[in-house]
Amino acid sequence: MSSHGHAHGLGQHEDEGHGHSHGHAHGHSHGHAHGHGSSASAASALTVALVLTGGFMVVEAAVGFWSGSLALLADSGHMLADAAALGLALAAQRFAARPRTTQSTYGLRRAEVLAAFVNGMTLTAVAALIAKEAVERWLAPGSIDAIPVLWTASAGLLVNLLVATVLTRSQGKNANVRAALAHVLSDALGSVAAMVSAGCILLLDEPRADPIVSVLIAALIARTSYRVLKDTTSILLEGVPRHLDAGAIQRTIAETPGVLGVHDLHVWQISDDFDALSVHIVIQRGQHGTDMCRVVAARLAGVHGLTHVTIQPEPAPPDDLVQVRRSEGGAVLDPRKPALP
């Protein structure tokens with residue numbers, strides 16, 4: 001972890017017959033953690049998970065078409081969403097690791113967010129298609145070969161648990177791996193639902209269990225897509241991160257000794273684990289802008305965990321403007337007293 005702060009200031013100067021005071025400083029504080037080994041581990045885990053998920057997705061879809069089970073097809077659709085999420089996360093991991101340029105001053109960190117947004121839209125479409133097909137199957141149920149559905153769904157559950165184990169061992173603080181793990185665990189519920197559907201058909205001879213379970217799986221997919229779209233839209237629209245309270249941040253700054261006022265406070269996210277802040281502060285007379293920036297930056301880091309901040313200090317407004325007159329010898333005269341003859 002490294003941090004640095006820098007500032008510059010213009011001091012006071014006087015023109016003939018007038019007195020002016022200008023204060024101007026910028027404070028920046030950045031914290032960055034570098035874990036190349038962690039990134040490589042995350043990429044390896046995502047690759048293994050993608051191969052396992054994508055491979056079994058094909059098997060599940062084939063058996064679903066052959067057996068006539070919409071629940072199994074729905075679960076393969078869920079695995080398709082998982083495979084897409086894993087592939088996009090892996091691509092975003094590589095894009096985010098690229099260095100910044102003069103055209104992309106934050107690098108390509110937003111690639112991760114854009115990938116998740118596209119995945120959320122894909123999940124929504126998959127959920128809608130499954131729900132539509134489930135309604136049609138309910139109105140006109142068909143014959144389903146439940147035994148291969150049961151075996152395939154059971155194997156799918158084992159694959160999901162295996163992928164979840166791989167991702168859990170390497171998730172750490174990697175946002176992509178955490179998101180992929182959530183997808184896989186949700187898909188495990190879909191596999192269980194497909195197993196229940198097959199069991200109902202075998203034991204109760206009720207083919208409508210298949211579309212009912214399919215709707216439940218579609219609901220799981222829709223729930224995942226809603227969360228993904230909600231989070232990514234907030235980041236893309238530069239909303240305040242969910243884990244931060246802008247009001248509390250403003251109070252922390254305002255309660256810093258030497259700060260008279262706070263305005264133009266902005267808090268947003270560049271990517272899932274990269275928060276940023278900019279703010280203007282009005283400082284008391286006698287306080288140095290650079291020192292105040294460093295004090296406020298330290299408080300923000302300690303209280304709210306914000307390490308990428310830009311602080312603009314401003315001097316307190318003068319009580320009034322006083323015309324300054326000088327004697328012939330250069331001494332400053334009090335304008336409220338009459339000049340000597």
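Glutamate 238 is partly exposed, because its relative accessible area is 47% (buried means under 20%, exposed over 50%, partly exposed in between, with a 1.4 Å probe and protein chains only). This is a predicted model: local features need pLDDT of at least 70, side-chain atom pairs count only at pLDDT 80 or more, and totals for chains, interfaces and linings use all residues. Residues are numbered from 1 along each chain as its sequence is written, and side-chain values use heavy atoms, leaving out hydrogens and water.

**Loop residues with positive phi**

- Most residues other than glycine have a negative phi.
- Glutamate 238 has a positive phi, near 60 degrees, and is not a glycine.
- Glutamate 238 sits in the loop between α6 and α7. Helices (H or I, at least four residues) and strands (E, at least two) are DSSP runs, numbered from the N terminus.
- Aspartate 205 also is not a glycine, and its phi is positive at about 50 degrees.
- The loop between α5 (175–204) and α6 (209–236) holds aspartate 205.
- With a relative accessible area of 62%, aspartate 205 is exposed.

**Helix α3**

- Helix α3 covers residues 110–139, which is 30 residues.
- At 1.5 Å a residue, α3 should span 44 Å (the expected span is 1.5 Å times one less than the number of residues).
- The end C-alpha atoms of α3 are 45 Å apart, which agrees.
- Buried residues of α3 include Leu123, Val126, Ala127 and Ile130.
- An α-helix has 3.6 residues a turn, so residues three or four places apart point the same way.

**Helices α7 and α8**

- Helix α7 (residues 246–254) packs against helix α8 (residues 289–304).
- Their angle is about 140 degrees, and their axes are 10 Å apart. Axes are lines fitted to C-alpha atoms, for helices over the stretch in contact, and angles run from 0 to 180 degrees between N-to-C directions.
- α7 and α8 are therefore oblique to each other (under 35 degrees is roughly parallel, over 145 roughly antiparallel, 65 to 115 roughly perpendicular, and the rest oblique).

**Strands β5 and β6**

- Strand β5 (residues 259–271) and strand β6 (residues 274–283) pair in the antiparallel sense over 9 bridges (pairing needs at least two DSSP bridges).
- β5 and β6 form a hairpin, with 2 residues between them.
- Histidine 266 stands opposite serine 278 in β6.

**Cysteines**

- The structure holds 0 disulfides (pairs of cysteine sulfur atoms within 2.5 Å).
- Cysteine 200 is partly exposed, at 24% relative accessible area.
- Cysteine 293 is buried, at 2% relative accessibility.
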